[in-house]
Amino acid sequence: MLCEVCQSLDFDTAKSLNLNLDYSVRYEYWPKHHSLFLDLQKAAKDGCELCRLILPHAFPRRPGSPWGFIMSDHSEQISYCTRGAEDQDSAGGEMICFKQNFNGIENNLAFNLGMFAKPDSLAARNRVVRGKPVEKRPDSEACFKLIRSWLEECLAEHGDTCLVPPRPSLPTRVIDVGSEDGSQDPRVFVTDGKPGVWLTLSHCWGTQVRFVSDSTNPKERMEGLPLDILPKTFYDAIRVTRSLGFQYLWIDSLCILQDSSDDWAVESSKMQGYYKHSMLTIAPDDASGDEKGFIDDIQTSDGPTVAIPFRFKAGKNRLTGARLQPVQDEYIYFRNRLEGYAQMIDRSCLSKRGWTLQEDLLSPRTVHYSSPQLHWECQTHRRSEHSSSPVEIGRSANLETRAKHSFLRGLTNPVLRGAWYEIVSEYMGRSLTKREDKLPAISGLAKEVYQQTGFMYQAGIWLEDFQRGLLWMAYEYGERGDKYLAPSWSWASMEKFGGDPFHIGQFNGKQLARLSHMSAELLGCYIRLKGEDPFGQVTSGQITLRSLFLPLSDWKSDCEIRISSANWVSGFQLAQPHVQMNWNPRTSQHEIDIQV
């Protein structure tokens, strides 16, 4: 049931205005909905489905409201306009935007509802409405068909930007996923350099299940991996691989011998190629552990939907230029706004883990399984299940996506242009199960930068840009543990960062120009590696610089300086006495009090 106002929505006018992301369409031109909150409330109570959908987002202003306005129920005008699919990256797809106007004050309150049409409708075929319904289950054939279409489009239309090398050598070990009919169990397959195509899994191991390959079970793993004993995430990844028509899947915990330091060192150094040259990476963003799974989840889907009559007018579509068929009754559907890609990434379990950052950035294509819907990302575009319109990655404000847009494509020097430091800033805030993985977990990205630039890498620092490389900070606090990770001058030496750590080197343009006076000279840098990987673990290191310095006596500040070694190495067992230095420029001349 719809009230009279909702039955007569002027969707044609609302769509033709197509509200810009900066709200540049003037409010007085928006079509009008209910003029009083009480009318909206009554219509919802009387059974209007759309008013019921709007009502939770709208409310009257009264004394004590957060805005501080004193409003009556007789001062609100609700109007509406559309927002284009170009905003789906952050806001959840094509939407209709409702705005309340209080006493003539614009932009007091705006809220959005999602909008879609059925694929076989005239609205969808004429691209008047680009929103799409979302499947309830990600293991449906419709979802697999959608992923296959995204992959085919990427391979056929994106040229060299997204293509993988023609049949590269398979990883040392892969999982042969067996037959889809279940007649053959999956198994670990030693490839001996055989060429082929494979998928990769990016996952959170979790703490409850540890199903791995090690030196005690290689024969057992090669004989078979019965599906009924596999962790749910592995089982689901195998189902996806089979359903998409591929034979091989790479999962780190099954394809690397986890108790062999030698095998781990060799294979972890190859992970850059394993992800970079894979056909597709499967990313279960909501699975916090391997026991969780992801493919049997009931998706949030469209939730409650409301069908709204939409009558085409004869003529051309003002947006696409397509001829519209004369007056016919059609329906479009409103739903609560779905979570967009940026929101999904912000809350994703994968976005909190250290290893998964390079797995994401190095993958040419990724399908994200999240509870609201499927998302797709390649080097040039991103797609979401709820919309037929792709988003160009270059438009995104998301850090990982911006870096991914140019990283594998080698469009610019990732160090000199600041992309590397953006990546490091993001990485510093992520967690690792094993502290000693601090450098190995980003080594694939470091190797990629080296291959593009030829720069010299030393414990997280690029010597050709060492001045900026040393400019990192913990915004609130940082901790070093009792295990050596890297030299103290490297960001990799910190086990934990509090607050929002960042690397000053990510600044560019005018911000970077402020650092142009840097004049430190690098006299020498020495790093001792734990193994043979120049991008992996280190056991010691030192750096020697020649630079100007400022004596504390010349420090122009009214603030007292307090430096304590306890803050430098919180939680670290000191081999030397505790040192604390206090110095106040208002009372001290050239003397500094040091307590030992």
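Modeller: On a 1 Å grid over the protein atoms alone, a pocket is an open set of points with protein on both sides within 12 Å along at least five of seven lines, and its lining residues have an atom within 4 Å of a point. This is a predicted model, in which local features need pLDDT of at least 70 and side-chain atom pairs count only at pLDDT 80 or more, while totals for chains, interfaces and linings use all residues. Residues are numbered from 1 along each chain as its sequence is written, and side-chain values use heavy atoms, leaving out hydrogens and water.

Colleague: Which residues lie nearest the centre of the largest pocket, and how many line it?

Modeller: The lining has 43 residues, and Gln258, Trp264, Trp355, Lys434 and Asp437 lie nearest the centre. Helix 12 (261-268) and helix 15 (355-362) are the elements that give two or more residues to this lining. Helix 12 gives the most, with six. The largest pocket has a volume of about 1200 Å³, counted as the space filled by probe spheres set on the grid points. Helices are DSSP runs of H or I, at least four residues long, and strands are E runs of at least two. The protein has 21 helices and 27 strands.

Colleague: What makes a space a cavity, and how many of 30 Å³ or more does the structure hold?

Modeller: In a cavity a 1.4 Å probe fits but cannot get out. Five cavities of 30 Å³ or more are present. The largest cavity holds about 130 Å³ of space. It is lined by 16 residues, with Asp285, Leu350, Thr356, Asp360 and His368 closest to the centre. Helix 15 gives the most to this lining, four residues. Strand 8 (280-284) and strand 13 (366-369) each supply at least two.

Colleague: Why does Arg335 count as buried?

Modeller: Arg335 has 2% relative accessibility, so it counts as buried; the cut-off is under 20%, with exposed over 50% and partly exposed in between (1.4 Å probe, protein chains only). Arg335 lies in strand 12 (residues 329-336). A polar atom of the Arg335 side chain lies 2.8 Å from the backbone oxygen of Lys132. The Arg335 side chain also reaches the backbone oxygen of His386 at 3.4 Å. Across the protein, 52% of the 596 residues count as buried.

Colleague: What makes a set of residues a nonpolar core?

Modeller: Its members are buried Ala, Val, Leu, Ile, Met, Phe, Trp, Tyr and Cys residues joined through side-chain atoms within 4.5 Å. The largest core has 82 residues, and Leu249, Trp250, Ile282, Tyr369, Trp420 and Trp491 touch the most other members. Its largest share, seven residues, comes from helix 7 (residues 141-157). A second, separate core of 32 residues includes Cys3, Ala43, Ala44 and Phe98.

Colleague: What does Leu249 touch, not counting residues up to four places away in sequence?

Modeller: Contact means heavy atoms within 4.5 Å. The residues that Leu249 touches include Val174, Leu199, Ala237, Cys255 and Ile282.

Technical notes. Polar contact = N/O pair within 3.5 Å; in protein donor to acceptor, adjacent residues only side chain to side chain.
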